[in-house]
Amino acid sequence: MPGLVIKPRSRIFHGHDWVYASEIKKSFGNPQPGDVISLKDFKDKPLGSAIYNPRSQIVARRFSRRKQDLDRAFFLRRLQLAFTLRERLPIDPTLCRLAWSESDGLPGLIVDRYRNHLVVQTLTLAMDQRIDLITGALLELLSPDSIVLRNDSPMRKAEGLEPANFVAHGESPDPLMLETGGLHLEATLLTGQKTGLYLDQLDTYDRVASLAPGKRVLDCFSNQGGFGLACARAGAASVTCVDISAEAIAAVRRNADLNDLQVEPVEANAFDYLKNCEKQFDLIILDPPSFTRSKKTLGDAMRGYKEIHLRALKLLDHDGYLATFSCSHHVSRELFLNNVRDAAVDARRTLRLVESYSQRADHPILPTIPETEYLKGFCFQLLPGR
Ligand code: SAH
């Protein structure tokens, strides 16, 4: 098997599975893009099997500590292991992320389950080349009605892959009506944000909504309104959903009708809305998109968070709540917490932390690959008179 010799002190010696170009001492056996290769240390000791793509910044991603090919038996085994975990977790295993890349030993492969429909993303060249093996294994394990390939993630560009969305098996399920947590939601698997729903937030809707009865709620960066609708259903006095996307706001409207709930959908830039708003609220939810995908722009991202936190704190009444989320891996839990604290200091308000949130358990975190931890959130309450 061709492969790479890895330089001393590289991250792989600290348990990480990625190899960057700067960590390669030399290659042997002429590995080709998309190949399975073997990794060795500088004393010729094997480190395991990896997928290879010299066009990517991450040249190799290890998927086994042994000698292993990416064959049908491998995909059946790894996917089955991933599904078994979801069945045991306290989540709905028919509406969840069934396989999540490195966290399931399948670097660059994501499989989301929407009842009898699957959405697959291949974000690495090696997985993309083996899509037929993957869909074959999925058909054998789950017999889904349809398999949608949702390959428009910008991450594919880094691997030299073109965008491609299409139905690989069955017929397009769009628009798909789903019932979850007592809410009816419409999802479009081929064109919606993410793969249709923000599966990583699904269980957080109700946790935040438990604070909503009788409250005036503002759901900023609402997308199709998961948080806002859950709050309305829980008995909020009023709910406003703000999103910059016309499609998202149209979906809020349709979802509100589907559930016979009252919400006010507002198509606007949330920064402007928060700045110009003259109303007061008792619960504000901030769930923006990732403000940074790289360390370089972390400073700008932190200024963005500070601004929305400050503005939201000014709109919060008396003993109101602020539920705020960051889905950027580069923004650590600690940095994010400090950001809200600094905003509270500037706004001269005292907050207490009442809940912490994370990505749902179907997106498991590998302690050796910090990049697998991305979503964090906090709920604070204002202490009145302080
Ligand atoms: N809470 C949502 C997910 C939010 S994702 C859910 O659970 O479904 C972030 C959302 O922010 C996207 O819907 C995107 O359209 C929206 N968005 C991005 N920039 C924005 C801006 N400047 N103002 C308002 N919305 C914005």
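**A close look**

Mentor: The side chain of serine 10 reaches the backbone oxygen of lysine 7 at 2.7 Å. That's a polar contact: a pair of N or O atoms within 3.5 Å, where, within protein, one must be able to donate a hydrogen and the other to accept it, and residues adjacent in sequence count only if both atoms are side-chain atoms. You'll find serine 10 in the loop between strand S1 (3-6) and strand S2 (18-20).

Some ground rules: this is a predicted model, where local features need pLDDT of at least 70, side-chain atom pairs count only at pLDDT 80 or more, and totals for chains, interfaces and linings use all residues. Residues are numbered from 1 along each chain as its sequence is written, and side-chain values use heavy atoms, with hydrogens and water left out. Helices (H or I, at least four residues) and strands (E, at least two) are DSSP runs, numbered from the N terminus.

Which residues of H6 are buried? They are Ala248, Ile249, Ala251, Val252, Asn255, Ala256 and Asn259. Down the axis of H6, these buried residues fall within an arc of 155°, so they line one face of the helix; the arc is that of the directions from the helix axis to the C-beta atoms. An α-helix has 3.6 residues a turn, so residues three or four places apart point the same way. Buried means under 20% relative accessible area, exposed over 50%, partly exposed in between (1.4 Å probe, protein chains only). Exposed Glu247 and Asp257 sit on the face of H6 turned away from its buried side.

What do the buried residues of H6 pack against? Their partners are strand S13 (183-187), helix H5 (226-233), strand S15 (238-243) and strand S16 (264-267), with contact meaning heavy atoms within 4.5 Å.

Now the ends. Serine 245 caps the N-terminal end of H6, with a side-chain oxygen 3.3 Å from the backbone nitrogen of glutamate 247. After H6 comes aspartate 260, whose phi is positive, near 55°.

Aspartate 243 has glutamate 267 in S16 as its bridge partner.

Terms used:
Pairing = 2+ DSSP bridges.
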